Amino acid sequence: MTNTPSLPTNPVFVALDTPDLDRAVALAHAVRGHVGGVKTGLEFFSANGADGVRAIVDLGLPVFLDLKFHDIPNTVAGAIRAVAGLGAAVVNVHASGGPAMLDAARDAAESVGGTSRPLVIAVTVLTSMDDGDLSAVGQTPPAEEQVVRLAQLTQNHGLDGVVCSPAEIEPIRAACGPEFKLIVPGIRPDWAASGDQKRITTPRQARDRGADMLVIGRPITGADDPAAAAARIAEELGVSA
Ligand code: C5P
(Lines give C-alpha, C1' and ligand atoms only; values in the text may rest on other atoms or scores of the structure.)
Protein backbone atom coordinates (compact mmCIF):
# COMPACT_ATOMS: atom_id res chain seq x y z
CA MET A 1 0.00 0.00 0.00
CA THR A 2 1.12 3.56 -0.53
CA ASN A 3 2.09 5.90 2.32
CA THR A 4 2.57 3.20 4.92
CA PRO A 5 1.99 4.75 8.36
CA SER A 6 5.01 4.28 10.62
CA LEU A 7 4.85 2.13 13.75
CA PRO A 8 5.77 3.56 17.16
CA THR A 9 9.43 3.15 18.23
CA ASN A 10 8.27 1.10 21.20
CA PRO A 11 6.91 -2.12 19.59
CA VAL A 12 4.79 -3.20 22.59
CA PHE A 13 1.00 -3.11 22.22
CA VAL A 14 -0.76 -4.08 25.45
CA ALA A 15 -3.75 -6.43 25.02
CA LEU A 16 -6.63 -4.94 27.02
CA ASP A 17 -8.62 -8.18 27.17
CA THR A 18 -11.55 -7.03 29.26
CA PRO A 19 -15.17 -6.09 28.63
CA ASP A 20 -14.88 -3.47 31.39
CA LEU A 21 -14.38 0.01 29.92
CA ASP A 22 -13.23 1.60 33.19
CA ARG A 23 -10.61 -1.11 33.70
CA ALA A 24 -9.40 -0.80 30.09
CA VAL A 25 -9.07 2.99 30.41
CA ALA A 26 -7.30 2.69 33.78
CA LEU A 27 -4.84 0.12 32.39
CA ALA A 28 -4.12 2.16 29.27
CA HIS A 29 -3.62 5.23 31.42
CA ALA A 30 -1.26 3.37 33.77
CA VAL A 31 1.03 2.01 31.04
CA ARG A 32 1.13 5.01 28.71
CA GLY A 33 4.68 6.27 28.55
CA HIS A 34 6.00 2.70 28.63
CA VAL A 35 4.28 1.12 25.60
CA GLY A 36 3.78 1.92 21.92
CA GLY A 37 0.02 1.31 21.92
CA VAL A 38 -2.87 -0.82 23.08
CA LYS A 39 -4.91 -3.62 21.53
CA THR A 40 -8.62 -4.08 22.03
CA GLY A 41 -10.55 -6.95 20.54
CA LEU A 42 -13.93 -8.56 20.08
CA GLU A 43 -14.68 -8.88 23.79
CA PHE A 44 -14.12 -5.18 24.46
CA PHE A 45 -15.85 -4.07 21.25
CA SER A 46 -18.89 -6.30 21.79
CA ALA A 47 -19.35 -4.85 25.28
CA ASN A 48 -18.52 -1.20 24.62
CA GLY A 49 -18.95 -0.56 20.89
CA ALA A 50 -17.66 2.44 19.02
CA ASP A 51 -17.94 4.74 22.04
CA GLY A 52 -15.64 2.43 23.98
CA VAL A 53 -13.07 2.51 21.19
CA ARG A 54 -13.26 6.31 21.05
CA ALA A 55 -12.63 6.47 24.81
CA ILE A 56 -9.42 4.49 24.34
CA VAL A 57 -8.34 6.41 21.21
CA ASP A 58 -8.92 9.68 23.11
CA LEU A 59 -6.17 8.70 25.56
CA GLY A 60 -3.75 9.43 22.72
CA LEU A 61 -2.17 5.98 22.34
CA PRO A 62 -2.23 4.15 18.98
CA VAL A 63 -5.00 1.53 19.07
CA PHE A 64 -4.87 -1.86 17.34
CA LEU A 65 -8.54 -2.77 16.89
CA ASP A 66 -8.38 -6.56 16.62
CA LEU A 67 -11.78 -7.44 15.13
CA LYS A 68 -10.55 -9.89 12.42
CA PHE A 69 -13.09 -8.99 9.73
CA HIS A 70 -14.16 -11.86 7.46
CA ASP A 71 -17.17 -11.17 5.23
CA ILE A 72 -18.01 -10.29 1.63
CA PRO A 73 -15.77 -7.59 0.16
CA ASN A 74 -18.37 -4.81 0.24
CA THR A 75 -19.13 -5.39 3.92
CA VAL A 76 -15.47 -5.59 4.92
CA ALA A 77 -14.74 -2.36 3.03
CA GLY A 78 -17.52 -0.59 4.94
CA ALA A 79 -16.27 -1.97 8.27
CA ILE A 80 -12.70 -0.81 7.55
CA ARG A 81 -13.92 2.71 6.71
CA ALA A 82 -15.98 2.74 9.91
CA VAL A 83 -13.13 1.72 12.22
CA ALA A 84 -10.73 4.07 10.45
CA GLY A 85 -13.22 6.79 11.31
CA LEU A 86 -12.90 5.86 14.98
CA GLY A 87 -9.18 6.55 14.79
CA ALA A 88 -7.85 2.96 14.98
CA ALA A 89 -4.17 2.84 14.00
CA VAL A 90 -4.10 -0.88 13.13
CA VAL A 91 -7.01 -3.04 11.93
CA ASN A 92 -7.19 -6.61 10.70
CA VAL A 93 -9.01 -9.08 8.46
CA HIS A 94 -8.80 -12.84 7.85
CA ALA A 95 -6.54 -13.58 4.87
CA SER A 96 -8.77 -16.58 4.12
CA GLY A 97 -11.49 -14.09 3.09
CA GLY A 98 -9.69 -14.29 -0.25
CA PRO A 99 -8.28 -11.99 -2.95
CA ALA A 100 -11.35 -9.80 -3.58
CA MET A 101 -11.89 -9.24 0.13
CA LEU A 102 -8.24 -8.32 0.67
CA ASP A 103 -8.39 -5.88 -2.26
CA ALA A 104 -11.54 -4.31 -0.80
CA ALA A 105 -9.91 -3.93 2.63
CA ARG A 106 -6.82 -2.34 1.08
CA ASP A 107 -8.84 0.05 -1.09
CA ALA A 108 -11.06 1.07 1.82
CA ALA A 109 -8.01 1.88 3.97
CA GLU A 110 -6.38 3.81 1.12
CA SER A 111 -9.58 5.83 0.64
CA VAL A 112 -9.01 7.18 4.16
CA GLY A 113 -5.85 8.70 2.81
CA GLY A 114 -2.14 9.08 3.45
CA THR A 115 -0.50 8.30 6.75
CA SER A 116 -3.78 8.80 8.60
CA ARG A 117 -5.02 5.52 7.17
CA PRO A 118 -4.82 2.50 9.47
CA LEU A 119 -2.29 -0.26 8.90
CA VAL A 120 -4.22 -3.23 7.53
CA ILE A 121 -2.99 -6.59 8.78
CA ALA A 122 -4.26 -10.11 8.07
CA VAL A 123 -4.68 -13.16 10.26
CA THR A 124 -3.38 -16.28 8.47
CA VAL A 125 -4.25 -19.46 10.40
CA LEU A 126 -5.50 -19.02 13.95
CA THR A 127 -2.87 -20.47 16.28
CA SER A 128 -5.66 -22.40 18.00
CA MET A 129 -5.96 -24.52 14.79
CA ASP A 130 -3.76 -27.58 14.40
CA ASP A 131 -3.32 -29.80 11.34
CA GLY A 132 -6.38 -31.88 12.32
CA ASP A 133 -8.54 -28.75 12.54
CA LEU A 134 -7.31 -27.60 9.12
CA SER A 135 -8.30 -30.95 7.59
CA ALA A 136 -11.72 -30.72 9.27
CA VAL A 137 -12.45 -27.44 7.46
CA GLY A 138 -11.19 -28.78 4.14
CA GLN A 139 -7.76 -27.12 4.13
CA THR A 140 -4.60 -29.04 3.38
CA PRO A 141 -2.15 -29.23 6.28
CA PRO A 142 0.58 -28.67 7.39
CA ALA A 143 -0.44 -25.42 9.06
CA GLU A 144 2.92 -23.75 8.46
CA GLU A 145 2.58 -24.06 4.68
CA GLN A 146 -0.89 -22.55 4.87
CA VAL A 147 0.45 -19.72 7.03
CA VAL A 148 3.15 -18.84 4.49
CA ARG A 149 0.72 -19.18 1.57
CA LEU A 150 -1.75 -16.79 3.21
CA ALA A 151 1.01 -14.35 4.20
CA GLN A 152 2.14 -14.20 0.56
CA LEU A 153 -1.46 -13.76 -0.59
CA THR A 154 -1.80 -10.90 1.90
CA GLN A 155 1.35 -9.27 0.58
CA ASN A 156 0.42 -9.78 -3.06
CA HIS A 157 -2.83 -7.93 -2.44
CA GLY A 158 -1.08 -4.94 -0.96
CA LEU A 159 -1.84 -5.26 2.74
CA ASP A 160 0.76 -4.21 5.29
CA GLY A 161 1.50 -7.45 7.16
CA VAL A 162 0.19 -10.36 9.22
CA VAL A 163 -0.30 -11.47 12.80
CA CYS A 164 1.87 -14.52 13.47
CA SER A 165 3.22 -16.71 16.27
CA PRO A 166 6.87 -16.39 17.31
CA ALA A 167 7.59 -19.70 15.53
CA GLU A 168 6.26 -18.29 12.24
CA ILE A 169 8.37 -15.11 12.15
CA GLU A 170 11.33 -16.61 10.31
CA PRO A 171 9.48 -18.53 7.54
CA ILE A 172 7.22 -15.55 6.83
CA ARG A 173 10.13 -13.10 6.86
CA ALA A 174 11.99 -15.37 4.41
CA ALA A 175 8.96 -15.50 2.09
CA CYS A 176 7.78 -11.89 2.34
CA GLY A 177 10.91 -9.81 2.89
CA PRO A 178 11.94 -7.08 5.32
CA GLU A 179 9.18 -4.50 4.77
CA PHE A 180 6.22 -6.77 5.56
CA LYS A 181 4.95 -6.03 9.09
CA LEU A 182 4.87 -8.94 11.54
CA ILE A 183 2.69 -8.55 14.64
CA VAL A 184 3.49 -11.19 17.22
CA PRO A 185 1.56 -12.37 20.33
CA GLY A 186 2.67 -15.27 22.55
CA ILE A 187 5.32 -13.13 24.24
CA ARG A 188 6.49 -13.77 27.78
CA PRO A 189 9.35 -12.02 29.59
CA ASP A 190 11.43 -14.64 31.41
CA TRP A 191 10.14 -13.25 34.74
CA ALA A 192 6.43 -13.74 33.83
CA ALA A 193 4.14 -16.80 34.03
CA SER A 194 3.43 -18.46 30.68
CA GLY A 195 -0.31 -18.97 31.39
CA ASP A 196 -2.06 -20.80 28.53
CA GLN A 197 0.45 -19.68 25.88
CA LYS A 198 2.54 -22.66 24.76
CA ARG A 199 5.12 -21.64 22.18
CA ILE A 200 6.43 -18.44 23.69
CA THR A 201 9.45 -16.20 23.31
CA THR A 202 10.72 -13.27 25.31
CA PRO A 203 10.20 -9.73 23.95
CA ARG A 204 13.92 -9.50 23.09
CA GLN A 205 13.92 -12.87 21.25
CA ALA A 206 10.85 -11.92 19.21
CA ARG A 207 12.43 -8.60 18.27
CA ASP A 208 15.71 -10.28 17.34
CA ARG A 209 13.84 -12.75 15.11
CA GLY A 210 12.27 -9.83 13.25
CA ALA A 211 8.92 -9.00 14.89
CA ASP A 212 7.72 -5.44 14.22
CA MET A 213 5.02 -5.29 16.91
CA LEU A 214 4.70 -7.33 20.11
CA VAL A 215 1.23 -7.97 21.55
CA ILE A 216 1.59 -8.55 25.29
CA GLY A 217 -1.34 -9.00 27.67
CA ARG A 218 -1.20 -10.69 31.04
CA PRO A 219 2.51 -10.16 31.82
CA ILE A 220 1.55 -6.46 31.97
CA THR A 221 -2.19 -6.36 32.74
CA GLY A 222 -1.98 -9.13 35.37
CA ALA A 223 1.07 -7.69 37.13
CA ASP A 224 0.73 -6.15 40.58
CA ASP A 225 2.10 -2.95 39.04
CA PRO A 226 1.28 -2.85 35.30
CA ALA A 227 3.25 0.36 34.74
CA ALA A 228 6.38 -1.15 36.32
CA ALA A 229 6.00 -4.35 34.23
CA ALA A 230 5.62 -2.32 31.02
CA ALA A 231 8.61 -0.15 31.97
CA ARG A 232 10.72 -3.26 32.63
CA ILE A 233 9.86 -4.67 29.18
CA ALA A 234 10.66 -1.34 27.51
CA GLU A 235 13.99 -1.27 29.31
CA GLU A 236 14.79 -4.85 28.23
CA LEU A 237 14.01 -3.84 24.64
CA GLY A 238 16.04 -0.66 24.92
CA VAL A 239 13.11 1.53 23.85
CA SER A 240 10.96 4.25 25.29
CA ALA A 241 7.40 5.06 24.26
O1 C5P B 1 -2.21 -12.31 27.83
P2 C5P B 1 -1.47 -12.65 26.57
O3 C5P B 1 -0.12 -11.99 26.45
O4 C5P B 1 -1.40 -14.13 26.31
O5 C5P B 1 -2.39 -11.99 25.42
C6 C5P B 1 -2.11 -12.16 24.05
C7 C5P B 1 -3.10 -11.44 23.22
O8 C5P B 1 -2.84 -11.77 21.85
C9 C5P B 1 -4.56 -11.82 23.47
O10 C5P B 1 -5.36 -10.66 23.18
C11 C5P B 1 -4.80 -12.91 22.48
O12 C5P B 1 -6.15 -13.02 22.11
C13 C5P B 1 -3.97 -12.43 21.30
N14 C5P B 1 -3.56 -13.46 20.35
C15 C5P B 1 -2.82 -14.57 20.75
N16 C5P B 1 -2.47 -15.50 19.82
C17 C5P B 1 -2.82 -15.34 18.54
C18 C5P B 1 -3.53 -14.22 18.12
C19 C5P B 1 -3.90 -13.29 19.09
O20 C5P B 1 -2.49 -14.71 21.90
N21 C5P B 1 -2.42 -16.22 17.65
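How are α3 and α4 oriented to each other? The model is predicted, and the tour starts with this pair.

**Stop 1: α3 and α4**

Select residues 73-85, which form helix α3, and residues 99-112, which form helix α4. The two helices pack at an angle of about 30°, with their axes 8 Å apart. Angles under 35 degrees count as roughly parallel, and α3 and α4 are therefore roughly parallel to each other. Their crossing is right-handed. To see the contact, show side chains on both helices. From α3, select P73, V76, A77, I80, R81 and A84. From α4, select A100, M101, A104, A105, A108, A109, S111 and V112. Sorted by class, this contact of α3 with α4 has 12 nonpolar, 1 polar and 1 charged residues.

**Stop 2: α1 and α2**

Next select residues 21-31 for helix α1 and residues 42-57 for helix α2. The axes of this pair come within 10 Å and cross at roughly 45°. That angle makes α1 oblique to α2. The crossing in which α1 passes α2 is right-handed. On the α1 side, pick L21, A24 and V25; on the α2 side, the residues they meet are F44, N48, G52, A55 and I56. By class, the contact of α1 with α2 has 6 nonpolar, 2 polar and no charged residues.

**Stop 3: the nonpolar cores**

Which residues of the largest nonpolar core touch the most other members? Select V12, L16, I80, V93, I172, L214 and I220, which hold that place among the 62 residues of the core. Helix α4 gives the most to this core, with 6 residues. A second, separate core has 11 residues, including A15, F64, V163 and V215.

Now centre on I172. Apart from neighbours within four places in sequence, I172 is in contact with V147, A151, V162, C164, G177, F180 and L182.

**Stop 4**

Select residues 143-156, helix α6, and find T154 in it. Is T154 buried or exposed? T154 is buried, with a relative accessible area of 0%. Residues up to four places away in sequence aside, T154 touches A95, L102, A122, L159, G161, V162 and F180.

Then move to L153, also placed in helix α6. L153 counts as partly exposed, at 22% relative accessibility; the cut-off for buried is under 20%. With residues up to four places away in sequence left out, L153 touches A95, P99 and L102. For a distance check, pick the C-alpha atoms of L153 and A122: they are 9.8 Å apart in space, while the residues are 31 apart in sequence.

**Stop 5: the P141 to P142 bond**

Select P142, found in the loop between α5 (131-136) and α6. What is the geometry of the peptide bond from P141 to P142? That bond is cis, with omega near 5°.

**Stop 6: K68**

Finish on residues 63-69, strand β3, and pick K68 within that strand. Phi of K68 is near 45°, a positive value in a residue other than glycine. K68 is partly exposed, with a relative accessible area of 29%.

Technical notes: Residues numbered from 1 in each chain as written. Predicted model: local features only at pLDDT ≥ 70, side-chain atom pairs only at ≥ 80, totals over all residues. Heavy atoms only, no water. Axes fitted to C-alpha atoms, helices over the stretch in contact; angles between N-to-C directions. Helix = DSSP H or I, 4+ residues; strand = E, 2+ residues; numbered from the N terminus. Parallel < 35°, antiparallel > 145°, perpendicular 65-115°, else oblique. Left-handed = near helix turned anticlockwise from the far one by under 90°. Contact = heavy atoms within 4.5 Å. Nonpolar A, V, L, I, M, F, W, Y, C, P; charged D, E, K, R; others polar. Core = buried A, V, L, I, M, F, W, Y, C linked by side-chain atoms within 4.5 Å. Buried < 20%, exposed > 50% of the residue type's maximum accessible area, 1.4 Å probe, protein only.
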